[in-house]
Structures are given as C-alpha cells and as structure tokens.
Amino acid sequence: METHPWLSLSTPVAAARAAGRPLVGLESTIIAHGMPYPENLRTAREVEALIRGMGAEPATIAVIGGRIRIGLSDEELELLAQSGRVHKVSRRDLPAVLASGEPGATTVAGTMICAALAGIEVFVTGGIGGVHRGAPQSFDISADLQELARTSVAVVCAGAKSILDIGLTLEYLETHGVPVLSCGQDNFAAFYTRDSGFRADYRLDDAQAQARFIRTKWDLGLAGGVVLSTPVPENAAMPREEIDAITQLALTEADARGIAGKAVTPFLLARIQALTGGRSLATNIALIRHNAEVGARLALALARA
C-alpha cells in the first residue's frame, strides 16, 4: 500500500506491514488528556506490549512535527504524557494542528481518520464519545459518532463513556446505520460499569464471527465503522448507582464553572477520579487493557477473513 504524504510510519509499524502482521490503532488522547502522569505513560507502554505479545503490532497515533505519526517512539509517548500542552485533535482540528507543527493527541474521530489513511482496520479506545446529557438543549454531540458513520474502521471499546446519554448515543448510531456489536454480554457496556441497561444490536463473542460480520459489511460497500463493545472485567468494574451519582455531581460542577465543548470530557474524567479516590483510574486502566486484548484478536481474525 502506498503511504499517504502526511503519514510517517514508525520502523516497527513499517516492518509489521512488510511482514503482513496486522496493525492495531491506538488513540493518544487517552495519554495526553485521559489519565494523569505517570499512569498514562505506563498504561500506554503496557497496552502496546500486550498487543505485540498477541502477535499484532500496536500503532499509537498522534500529530507531531507537522506529521501524522503511525506508531510512536518511547520519547514521543513521553512527550504526550508529560507536556501538558498537547492539542486535542478531532476532524475539525487535524488541518490546523498539522499546519502549525504543534503536537496533537487524536480523539476517537481523529484516530479513525488517521487509521483509515494508513489502511488500519481495527482501532482500540477506552470508550467512544456520544450524545452528552442535556444535548436536546446544548446540541453537544461528539464528532466520534459522525466519524463512525463515515469512516470504515472497527472501533473496540468498553461502550460509551458513562458521563453520556447512552440511550440517545445508541439512537444516533442506529439512525446513521452504525452497527453496535457486543462481546461477552448482550447489553452495551458503559465504561466504568459493565452494563448500560441498553441492548447492543448483535452479540458476537468470537473474533472470527466479528471479523466475518465486519468484512461482510465492507464487502457490500456499506462504508462506515462498526462499534464492538466489551465490558470492563468484573473485578475492576464500579457499581452503576455509585458512578451515576458521582457523574451527576461532576456534571453539576462543570455546568457551574461554565465548562463546555472539548473541555468537558477531560474535566469530568478528572473530577470522577478525584471523587472516587482514584478507583475510577484503576477501572480505566483495566478496561483499556481488556479492550486491547479483544482488539488484537479481532485484528488477527480480520487478517484471515
């Protein structure tokens, strides 16, 4: 495959591609904006090692030095983890940050775009963005959902972030023809907690079955992504009632401080971590590791499908 002129592939990613090993895309916003240092850096390294150990190659994606980096060096991971001055890059931000030469961490939408440019079919994240609570008044809907409707990448996640209106998020995805698969249970997951209370469209526990579904969709010319939800491991999950009450408190604080737009999610994640005494961070780390395992199995199965 010809390399896109804005892309720079790391040496391990280029070698994996040449050897025919599947790639697994990883976002960088979770490093720059989703977790505190040093847990963010340690988790990024652990997730990459886990994917390699399963026979696929991790490709953490970010914007650095006016290029889209597909696969990062340890120094680049450190930059994202420690800088504190890294842009959050979604679809609308990608041209500006590339043109500026400043560092940027890609969101779900931003990572999907870059992964598709690089020919990467599977992308692992923590939880997708969605329709925010109060969206009928604020119109606050994550660009992740529109990207899922248009960009053909399979997104492995622990459902949608529990700070969102999950019912409306699933309605939006249905309207735009985005299939929502669940692995390990019938219901869609809710990030910190295993069960959102809403059913996924289809339950497919086996990576080969997931790959057949995804390959069939794309072979039919049905462009757009597929959401594969898998719940956080039971021993790391948080009780739904507790996380709902804490989320509501954090949302009230955000509203009182006038926090809006792309600043909302990092603020809420940080407040929830503080209000849970750090337990939510442990849950976040456990779910991203589990998602990486599911994503690596899917990438290997897609390479054979």
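**Selected residues and contacts**

Gln248 is part of helix 11, which spans residues 240–257. The model is a predicted one.

**Aromatic pairs**

- The count of aromatic pairs comes to two.
- One of them joins Phe191 and Tyr192, whose ring centres are 4.7 Å apart; the planes meet at 70°, so the pair is edge-to-face. The cut-off for that class is an angle over 60 degrees.
- Phe191 and Tyr192 are both buried.
- Tyr202 and Phe213 also form an aromatic pair, with 5.6 Å from centre to centre and 50° between the planes, and this pair is tilted.
- The pair of Tyr202 and Phe213 links distant parts of the chain, 11 residues apart: Tyr202 belongs to strand 10 (residues 202–203) and Phe213 to helix 10 (residues 207–219).
- Tyr202 is partly exposed because its relative accessibility is 46%. Phe213, with a relative accessible area of 23%, is partly exposed.

**Backbone geometry**

- Most residues other than glycine have a negative phi, and most peptide bonds are trans.
- Phe191 is not a glycine, yet its phi is positive, at about 65°.
- Phe191 sits in the loop between strand 9 (180–182) and strand 10. With a relative accessible area of 3%, Phe191 is buried.
- The peptide bond that runs from Tyr37 to Pro38 is cis, and its omega is near 5°.
- Pro38 is located in the loop between helix 2 (29–34) and helix 3.

**Packing of helix 3 and helix 4**

- Two packed helices are described by the angle between their axes and the distance between the axes.
- Helix 3 (residues 39–53) packs with helix 4 (residues 74–82) at an angle of about 145°, and the axes are 9 Å apart.
- Helix 3 and helix 4 cross in a right-handed manner.
- On the helix 3 side, the residues in contact are Asn40, Leu41, Ala44, Arg45 and Glu48; on the helix 4 side they are Asp74, Leu77, Glu78 and Ala81.
- Sorted by class, this contact between helix 3 and helix 4 comprises four nonpolar, four charged and one polar residues.

- Thr106 lies within strand 6, residues 104–106.
- Thr106 is buried, because its relative accessibility is 0% and the limit for buried is under 20%.
- The Thr106 side chain reaches the backbone oxygen of Ile61 at 3.0 Å. The side chains of Thr106 and Thr111 make a polar contact at 2.8 Å.
- When residues up to four places away in sequence are not counted, Thr106 touches Glu27, Ser28, Thr29, Ile61, Ala62, Val63, Val89, Thr111 and Cys114.

- Val227 occurs in strand 11, residues 226–229.
- Val227 is buried, with a relative accessibility of 0%.
- Neighbours within four places in sequence aside, the contacts of Val227 are Ile128, Leu148, Val155, Cys157, Leu173, Val178, Pro179, Val180, Leu181 and Phe188.
- From C-alpha to C-alpha, Val227 and Ile31 are 21 Å apart in space, and they are 196 residues apart in sequence.

**Surroundings of Asp201**

- Asp201 is placed in the loop between strand 9 and strand 10. Its relative accessibility of 43% makes Asp201 partly exposed.
- A polar atom of the Asp201 side chain lies 2.8 Å from the backbone nitrogen of Val180.
- Once neighbours within four places in sequence are left aside, Asp201 is in contact with Val178, Pro179 and Val180.
- Asp201 and Gly258 are 57 residues apart along the chain, and a distance of 36 Å separates their C-alpha atoms.

How values were computed: Residues are numbered from 1 along each chain as its sequence is written. This is a predicted model: local features need pLDDT of at least 70, side-chain atom pairs count only at pLDDT 80 or more; totals for chains, interfaces and linings use all residues. Side-chain values use heavy atoms; hydrogens and water are left out. Rings of Phe, Tyr and Trp (its six-membered ring) pair if their centres lie within 6.5 Å; planes under 30 degrees apart count as stacked, over 60 as edge-to-face and the rest as tilted. Buried means under 20% relative accessible area, exposed over 50%, partly exposed in between (1.4 Å probe, protein chains only). Helices (H or I, at least four residues) and strands (E, at least two) are DSSP runs, numbered from the N terminus. Axes are lines fitted to C-alpha atoms, for helices over the stretch in contact, and angles run from 0 to 180 degrees between N-to-C directions. A crossing is left-handed if the near helix is turned anticlockwise from the far one by less than a right angle, and right-handed if clockwise. Contact means heavy atoms within 4.5 Å. Ala, Val, Leu, Ile, Met, Phe, Trp, Tyr, Cys and Pro count as nonpolar, Asp, Glu, Lys and Arg as charged, and the others, Gly among them, as polar. A polar contact is a pair of N or O atoms within 3.5 Å; within protein, one must be able to donate a hydrogen and the other to accept it, and residues adjacent in sequence count only if both atoms are side-chain atoms.
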